[in-house]
Amino acid sequence: FTPKALAGIKGFDDVLEDRCIKITMVKSSKEQAKREINKDWKFWDYVRFFGYVFAITNFYRAKLIYNLLDTREITGRYRDLWKPILTLARLFGNDVFEEMYSYALEKIEQRKKEELEENPTYLILRLLAWKTKDKEQIEISSREISESLQKVFEINIDSRKIAAVLKKLYLTKESKRKQGIRYFVISKKQIDDLLLSYGLSREEIRKEFEEIIEQSGKKFERID
């Protein structure tokens, strides 16, 4: 395993991007854009050589740090995403680690905000968390989820897209047919496990929905 740097103008596939630490690059100034990188420069040979030597002489220490590293409040899939680079930061010293850790927290909060506002997976998870708040199990169709998302978040996601998200989350294993419509049987435990994996909190979701309902009145009286 080694970290990889990928560059793209239009972004990447959703699944790939979900597993990346995304950094938006600032466009170069005219002066910077005039500079050329000489790929034949001998300096790169030294960088490659010492990088190789560093890797083979520190791999055991890096593995030990990785196994023992406490990522503190970085949990779930964010922990899986950031732990390798935090391990390398710790390898170079506590100051580097603390700087990288602060940067990780900043990027995670930024990403959570973006995902909560835009990512269909997060929107659907938050809705299902609300619907299972007082129930151990629910039966719900893609159409019902779509209608609820329109009411709560004023966003249109068609039933096929919703079914694809539910399949990705392994929430389609159990289902029933009623009058030709497929209803997915989803348990509270399944949602709790997913909330943990995606770094979401039931309490925060509850407060969010209560605020939405309070502000919107009877518009959401049947959202449960």
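These legends describe close-up views of a predicted model.

**View 1. Strand 3 and its two partners.**
Strand 1 (residues 137-141) runs antiparallel to strand 3 and is joined to it by 5 bridges. In this pairing, Ile-140 stands opposite Phe-184 of strand 3. Strand 2 (residues 175-178) is also antiparallel to strand 3, with 4 bridges between them. Here Lys-176 is the residue opposite Tyr-183 of strand 3. Strand 2 and strand 3 form a hairpin with 2 residues between the strands, and in this hairpin Gln-179 has a positive phi near 55°. In a regular strand, side chains alternate between the two faces of the sheet.

**View 2. Glu-139 and its surroundings.**
Glu-139 lies in strand 1. Its relative accessibility is 29%, and it therefore counts as partly exposed. Leaving out neighbours within four places in sequence, Glu-139 is in contact with Glu-144, Lys-176, Lys-178, Tyr-183, Phe-184 and Val-185. Glu-139 and Ser-187 are 48 residues apart along the chain, and their C-alpha atoms are separated by 8.9 Å.

**View 3. The salt bridge between Glu-139 and Lys-178.**
Side chains of opposite charge can pair when their charged atoms come close. The side chains of Glu-139 and Lys-178 meet in such a salt bridge, with an N to O distance of 2.7 Å. Glu-139 belongs to strand 1 and Lys-178 to strand 2, so the pair ties together parts that are 39 residues apart in sequence. Lys-178 has a relative accessibility of 38% and counts as partly exposed. The count for the model comes to 11 salt bridges.

**View 4. The two sides of helix 9.**
Helix 9 spans residues 188-197, and its residues Lys-188, Ile-191, Leu-194 and Leu-195 are buried. Seen down the helix axis, the buried residues of helix 9 fall within an arc of 125°, so they line one face of the helix. The face turned away from this buried side carries the exposed residues Lys-189 and Leu-196. After helix 9 comes Gly-199, with a positive phi near 70°.

Lys-189 forms a salt bridge with Asp-193, and their closest N and O atoms are 3.0 Å apart. The two residues, Lys-189 and Asp-193, are 4 residues apart in helix 9, which means that about one helical turn separates them. Lys-189 is exposed at 57% relative accessibility, whereas Asp-193 is partly exposed at 40%. A salt bridge also joins Arg-202 to Asp-192, where the closest N and O atoms are 2.5 Å apart. This pair links distant parts of the chain, since Arg-202 is in helix 10 (residues 202-216) and Asp-192 is in helix 9, 10 residues apart. Arg-202 has a relative accessibility of 22% and counts as partly exposed. Asp-192 is partly exposed as well, with a relative accessible area of 33%.

**View 5. Thr-71 in a loop.**
Thr-71 is found in the loop between helix 3 (43-68) and helix 4 (76-91). The relative accessibility of Thr-71 is 3%, so this residue counts as buried. Not counting residues up to four places away in sequence, Thr-71 touches Arg-79, Lys-83, Leu-86 and Tyr-101.

**View 6. Asn-58 in helix 3.**
Asn-58 is found in helix 3. With a relative accessible area of 16%, Asn-58 is buried, because the cut-off for buried is under 20%. Asn-58 and Leu-91 are 33 residues apart along the chain, while 8.6 Å separates their C-alpha atoms.

**View 7. A nonpolar patch on the surface.**
Ile-37, Trp-41, Phe-43, Trp-44 and Val-47 form a nonpolar patch on the surface. Together these residues have about 540 Å² of accessible area. Phe-43, one of the patch residues, is found in helix 3. At 40% relative accessibility, Phe-43 counts as partly exposed. A network of salt bridges links Lys-42, Asp-45 and Arg-48.

Conventions. Residues are numbered from 1 along each chain as its sequence is written. This is a predicted model: local features need pLDDT of at least 70, side-chain atom pairs count only at pLDDT 80 or more; totals for chains, interfaces and linings use all residues. Side-chain values use heavy atoms; hydrogens and water are left out. Buried means under 20% relative accessible area, exposed over 50%, partly exposed in between (1.4 Å probe, protein chains only). Contact means heavy atoms within 4.5 Å. The arc is that of the directions from the helix axis to the C-beta atoms. Patches are made of residues with over 30% relative accessible area and no salt bridge: like charges are joined within 9 Å, nonpolar side chains (Val, Leu, Ile, Met, Phe, Trp, Tyr) within 5 Å. Accessible areas come from the Shrake-Rupley method with a 1.4 Å probe; for residues, only the protein chains shown count as cover. A salt bridge is a side-chain nitrogen of Lys or Arg within 4 Å of a carboxyl oxygen of Asp or Glu. Two strands pair if DSSP finds at least two bridges between them.
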